[in-house]
Structure formats: C-alpha cells, structure tokens
Amino acid sequence: MNPQFPSPHISSLLTQLGLTPNCTGFFQTACALELALQEPRALCLITKWIYPAVAKRCNTSPSAVERNIRLSVSHIWKEAPLRLASLSPKPLHEKPSNAAFLAILCVHLAKPL
C-alpha cells in the first residue's frame, strides 16, 4: 500500500461519513477519489481504469479494490445514509453503486471551499 496518507479533504469527508482509516477500504476509496479528481473521465471506466490503478498503488488485485470500495459504500450507507444523500445531486433511495458513490464524492470535493 502507498504509505502516503490521503489529502485532508478526502480523509475528512470519509471520516464524516463514518469510514475511518482502520476500515480496509478507507485507503483504497481515498486513492480512487484522488485518481478520479485528477482525471474525471476515469469515472466512466471504473473497472478498466480506476480499479487497476488503485490495485497497483495498493499492491492488491482490482477485484479486491472493487470489493473493498463496495464494502466501504455499504458501511457508509449503513452509518450515514442521510449525510451521503445530502451530498448527492439527486435523491438516493438505495445504496449507490461504486461508480455513483465515487462520482457523488468527487462532485462534492471539486466544489470550491
């Protein structure tokens, strides 16, 4: 795993949503967000671009990255569904997919402070 801690904005947002650094998917989700913020088009190619890139950085497999991000989304949906829904530009009636989740957070993080 890349020893570099995620940016303070990403770390803060994930912890506000209930995902803490001791959760397996925390760093992989943060890494996926960093990559998507650098190259927003990657959100259209999550399985072909984001998962392999995160896997390479974290020394794991793309399927493990997909699973860990999915578990992170499930954890956040269980712990803070209203907070996550408040970040979404459209109503969330069910747990978002990994791609939708990353897109919601990227749009929020890209807003000026």
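The structure is a predicted model. Helix α2 spans residues 26-38, and helix α3 spans residues 46-58. The two residues considered are P6, in the segment before α1, and T29, in helix α2.

**Helices α2 and α3**

- The axes of α2 and α3 come within 9 Å and cross at roughly 125°.
- An angle of 65 to 115 degrees would count as roughly perpendicular and one over 145 as roughly antiparallel; the two helices are therefore oblique to each other.
- The crossing of α2 past α3 is right-handed.
- On the α2 side, the contact is formed by Q28, C31, A32, E34, L35, A36 and Q38; on the α3 side, W49, I50, A53, V54, R57 and C58 take part.
- Sorted by class, this contact comprises 9 nonpolar, 2 polar and 2 charged residues.

**Residue P6**

- P6 precedes helix α1, which covers residues 8-16.
- The relative accessible area of P6 is 9%, under the 20% limit, so P6 counts as buried.
- Beyond its neighbours within four places in sequence, P6 contacts S11, F26, F27, A30 and E34.
- P6 and Q28 are separated by 22 residues in sequence, and their C-alpha atoms are 9.7 Å apart.

**Residue T29**

- T29 belongs to helix α2 and is buried, with a relative accessible area of 0%.
- The T29 side chain reaches the backbone oxygen of G25 at 2.7 Å.
- When residues up to four places away in sequence are not counted, T29 touches L14, L19, I69, S72, F101 and L102.

Definitions and conventions. Residues are numbered from 1 along each chain as its sequence is written. This is a predicted model: local features need pLDDT of at least 70, side-chain atom pairs count only at pLDDT 80 or more; totals for chains, interfaces and linings use all residues. Side-chain values use heavy atoms; hydrogens and water are left out. Axes are lines fitted to C-alpha atoms, for helices over the stretch in contact, and angles run from 0 to 180 degrees between N-to-C directions. Helices (H or I, at least four residues) and strands (E, at least two) are DSSP runs, numbered from the N terminus. Angles under 35 degrees count as roughly parallel, over 145 as roughly antiparallel, 65 to 115 as roughly perpendicular and the rest as oblique. A crossing is left-handed if the near helix is turned anticlockwise from the far one by less than a right angle, and right-handed if clockwise. Contact means heavy atoms within 4.5 Å. Ala, Val, Leu, Ile, Met, Phe, Trp, Tyr, Cys and Pro count as nonpolar, Asp, Glu, Lys and Arg as charged, and the others, Gly among them, as polar. Buried means under 20% relative accessible area, exposed over 50%, partly exposed in between (1.4 Å probe, protein chains only). A polar contact is a pair of N or O atoms within 3.5 Å; within protein, one must be able to donate a hydrogen and the other to accept it, and residues adjacent in sequence count only if both atoms are side-chain atoms.
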